[in-house]
Amino acid sequence: MRAFQRIAVLGSTGSVGESTLDVIARHPDRLGVFALSANTRMEKLAAQAQASGARVVVVPDADAASRFRVAWAGTASSPEIRVGAAALADTAADAGCDTVMAAIVGAAGLPSALAAARAGKRVLLANKEALVAAGSLFMAAVRDHGAELLPIDSEHNAIFQCLPHGDRAAAPTRPAAGVRRLILTASGGPFRDRDPEDLHSVTPAQACAHPNWSMGRKISVDSATMLNKGLEVIEAHWLFAMPPDRIEVLVHPQSVVHSMVEYDDGSVLAQLGLPDMRTPIAYGLGFPDRLASGVGLLDLARWGRLDFEKPDLRRFPCLALAFDALSAGQGACIALNAANEIAVEAFLQGALPYTRIAAVTAATLEWHAGLPSVTLNGLDDVLAQDAAARAHAARAVLADR
Ligand code: NAD
Ligand code: MG
């Protein structure tokens, strides 16, 4: 059994963050909270810090820090309050923690996830946007600094479980021996059977009503457009060093088979379970041991049947855009992710129709294709490209009005 782990949960007030705290609380003998972070909900952060005994909280600015102090109002002494994005990266690298749960949403989570890898931590990576924007940089950091990388995204966690590995998680530079293909499953989201012509007036509440998973709003919209699956193809490419033409997507509406690995001998290994993020989170926290997660039993007889079909790229243009970006290169992947973040936020704010998310993303990819190609040497280059793509996407949103 591993020694006691002290964990920094970055993005603790989110959906993955909350599930992580739920699993940690089940294992006080081997898991403890070192730090928590949140962007907005300070009351919730204070309640989490009180319940978990966190020593540190990280908040975005001085105003949030004073709101945290008001919300704390506890008799116990307050955790140390650290402020700002640099403090987030410093906390991810802090000697006070062994493990970092990277559960911030969006490219905003990249610097802290990278800092955790560079500090040689066990990194539980939920933040897929970090890999989409900076896959080669991030994987090199894991390798160069002896970090342990455990994928938390349910599909990648399933694939990880179905791949041969020792008792140590690593960052491979070529596909695992004997593996032919990775098969990512996708629920198809709430609009799987809807006519694409019908989706113009879809509301944020409808787009966020995922049939199987309860998640944050951004990833819920991504699941509806299936751009989420596109981000996951790029994520799988980096995590498992797998060429894009050996990554297949299958729509599987029940979300019971979380993904599969096909081997040269024709064997296909799958990981199954109820759609509850506490399973992959417990796997990452316990690895190589198995920990109780609180997730119920999978009663296959009750499900009766499991269905699979190829995705219809006409219905889900965002998935096709992600494959295009992956073959175009890293700059295009940064542009894809940045444009999507801007477009989804605009949709959630009521400033962009649902069907224009794909249009804004496509326009930003086109703009990017016309730029002279630049070498991305480090985090600053990635963040500069990300900022430029966001600015272009924001203009595309305005022009759409
Ligand atoms: P969420 O919106 O529920 O939570 C996001 C968290 O990040 C919150 O704690 C928020 O305070 C924090 N945050 C947001 N913007 C920030 C910023 N600019 N700086 C610092 N912190 C910020 O999101 P979620 O659904 O928990 O998803 C988190 C990540 O995990 C995403 O990358 C998502 O794609 C991935 N993921 C989520 C699920 C899921 O079931 N929710 C499954 C697989 C992967
Ligand atoms: Mg997923």
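Student: Which residues coordinate the magnesium ion (ligand 2)?
Tutor: This is a predicted model, where local features need pLDDT of at least 70, side-chain atom pairs count only at pLDDT 80 or more, and totals for chains, interfaces and linings use all residues. Residues are numbered from 1 along each chain as its sequence is written, chains are lettered from A and ligands numbered from 1 in the order written, and side-chain values use heavy atoms, with hydrogens and water left out. Donors are N, O and S atoms within 2.8 Å of the metal (3.2 Å for Na, K and Ca), and water is not among the atoms, so sites may look incomplete. At 2.1 to 2.2 Å, the ion is coordinated by Asp153 (OD), Glu155 (OE) and Glu232 (OE).

Student: How are those donor residues of the magnesium ion (ligand 2) spaced in sequence?
Tutor: The pattern is D-x1-E-x76-E. Glutamate 155 sits in helix H7 (residues 154-162) and glutamate 232 in helix H10 (residues 227-239), so the pair links distant parts of the chain; helices here are DSSP runs (H or I, at least four residues), numbered from the N terminus. These two glutamates are 77 residues apart.

Student: Is glutamate 155 buried or exposed?
Tutor: Buried means under 20% relative accessible area, exposed over 50%, and partly exposed in between (1.4 Å probe, protein chains only). Like glutamate 232, glutamate 155 is buried.

Student: At what angle do helix H2 and helix H3 pack?
Tutor: Axes are lines fitted to C-alpha atoms, for helices over the stretch in contact, and angles run from 0 to 180 degrees between N-to-C directions. The axes of H2 (residues 42-52) and H3 (residues 62-72) are 8 Å apart, and the angle is about 55°.

Student: Which residues of H3 make the contact with H2?
Tutor: Contact means heavy atoms within 4.5 Å. H2 brings Met42, Glu43, Leu45, Ala46, Ala49 and Gln50. From H3 come Ala64, Arg67, Phe68, Ala71 and Trp72.

Student: Where is serine 19, and which residues is it in contact with, leaving aside neighbours within four places in sequence?
Tutor: Serine 19 lies in helix H1 (residues 15-25). It is buried, with a relative accessible area of 16%. Leaving those neighbours aside, serine 19 is in contact with Arg278 and Ile281.

Student: What does leucine 291 touch, not counting residues up to four places away in sequence?
Tutor: Leucine 291 is in the loop between helix H11 (278-286) and helix H12 (300-303). Its relative accessible area is 14%, so leucine 291 is buried. With those residues not counted, leucine 291 touches His27, Arg30, Leu31, Ala282, Leu285 and Gly286.
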